[in-house]
Amino acid sequence: MTNKTNSIIKIIAGAVAAVLLLGILVVLIQINASLKAQDTTANITDEVDVADSYDEESANGDTDEPAVTTAANAETPEVTTTTAATTAEPETTTEATTSAAATTTTAQTTTAATTTTAPTTSNATSSSNSNYSSATGDFMMDTSGITDIEIDWYSGSVTVIPYSGTTIQVSETSSSTISSSNVLYYTVNKYGELKINFNSGKNFSSAGISKDLTVYIPTSMSLDELSIEATSADIVISDAQGTLTIRDLSVETTSGNSTIKGITATEMSADATSGAISISSCTISQELDIEITSGSATIALPSGTGYTLEYETTSGTVTASGSSLKGEGRTTVGTGNLKIDVETTSGNITITN
């Protein structure tokens, strides 16, 4: 009986043990399944967190994803930059326009200065002597303080025109381009002497250019002296617009002709070497000197002018009031008030009244 009971107990114990083991196994399986489920949930949660984090970073521009989001975000600054550049361009254009306007204003100011201010002696280039000024180029000048005008010219012509204006106006022209080294040069000194030169150099013959000078002198001026010296150039003093009163007029040409009209002078002298002299419509009160070397001279005095003529000829003839004179001598016509002194070397001189 005991053995049978023991066997039953062992069977029951074995069964219980088997049930326990099965239960433990089931529990282990459930635990394992639960753990797997938790892992899966955790992974899903992590992925969601990562995604959320990624979205947040993307929204903040902090993501390390270089590629698309950064580039996409960069496009907006580029657009902004382009917009800024577009905005800046009108500003630049405005500045350029302002600058251009400033340039235009400056150019206009300069032009005005050239037309109105530059010709006056106050704007001439001054030397260390405050009573001396010099400048170059065309100019106009107040007559105040000017007593003498001296012109030294080479190649071309010199034309003096008395007119009804109030300023001395001087200009030059040429068929060639006038370089800066060949532009006319003028000075005014403390004695009121205006000197106009072909250029600022000493040797005019090396200039290699021919220029025509025109000088307008107001008829209201009463000059003490007008002196013109020209080489390879003609001198013309015209009375087309008026007459000029001068105490002493002196003209001298070498290889050039002189034509003088409409001058009222106390004294007048004209010299020509290889050139002709023509004097007409002039009133000379005291003395007229004429010298010719290989040329000719024609002097037409106002009707009834009396003069005393002193003459000297080498190879030429002096004709005075219809009389032909040669050698040396003296003759009087009419009152004899005007003194005329003529000298010719290989040239003829004719005097009419």
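# Strands, pairs and salt bridges

Q: Ser232 has its place in strand β9. What counts as a strand here?

A: A strand is a DSSP run of E with at least two residues, while helices are runs of H or I with at least four; both are numbered from the N terminus. Strand β9 covers residues 222–237, and Ser232 is part of that strand. Before we go on, this is a predicted model, where local features need pLDDT of at least 70 and side-chain atom pairs count only at pLDDT 80 or more, while totals for chains, interfaces and linings use all residues. Residues are numbered from 1 along each chain as its sequence is written, and side-chain values use heavy atoms, with hydrogens and water left out.

Q: Which way does β5 run against β3, and which way against β8?

A: Strands pair when DSSP finds at least two bridges between them. Strand β3 (residues 139–142) and strand β5 (residues 167–173) are joined by four bridges and run antiparallel. For a spot to look at, find Met140, which stands opposite Gln169 in β5. Strand β5 also pairs with strand β8 (residues 211–218), again antiparallel, through five bridges. There, Glu172 faces Leu213 in β8.

Q: How many salt bridges does a search of the whole structure find?

A: You look for a side-chain nitrogen of Lys or Arg within 4 Å of a carboxyl oxygen of Asp or Glu. The search turns up three of them in the whole structure. One joins Glu172 and Lys211, whose closest N and O atoms are 2.7 Å apart. This pair links distant parts of the chain, with Glu172 in strand β5 and Lys211 in strand β8, 39 residues apart.

Q: Are Glu172 and Lys211 buried or exposed?

A: Both partners fall on the buried side: Glu172 has a relative accessible area of 8%, and Lys211 has 0%.

Q: What does Asp224 pair with?

A: Asp224 forms a salt bridge with Arg247, and their closest N and O atoms are 2.7 Å apart. Asp224 belongs to strand β9 and Arg247 to strand β10 (residues 244–254), so this contact ties together parts that are 23 residues apart in sequence.

Q: Which strands hold Arg330 and Glu310?

A: First, the contact itself: the side chains of Arg330 and Glu310 meet in a salt bridge, with N to O at 3.5 Å. Arg330 lies in strand β18 (residues 328–333) and Glu310 in strand β15, so the pair links distant parts of the chain, 20 residues apart. Arg330 reaches 61% relative accessibility and counts as exposed, whereas Glu310 is partly exposed at 28%.

Notes: Buried < 20%, exposed > 50% of the residue type's maximum accessible area, 1.4 Å probe, protein only.
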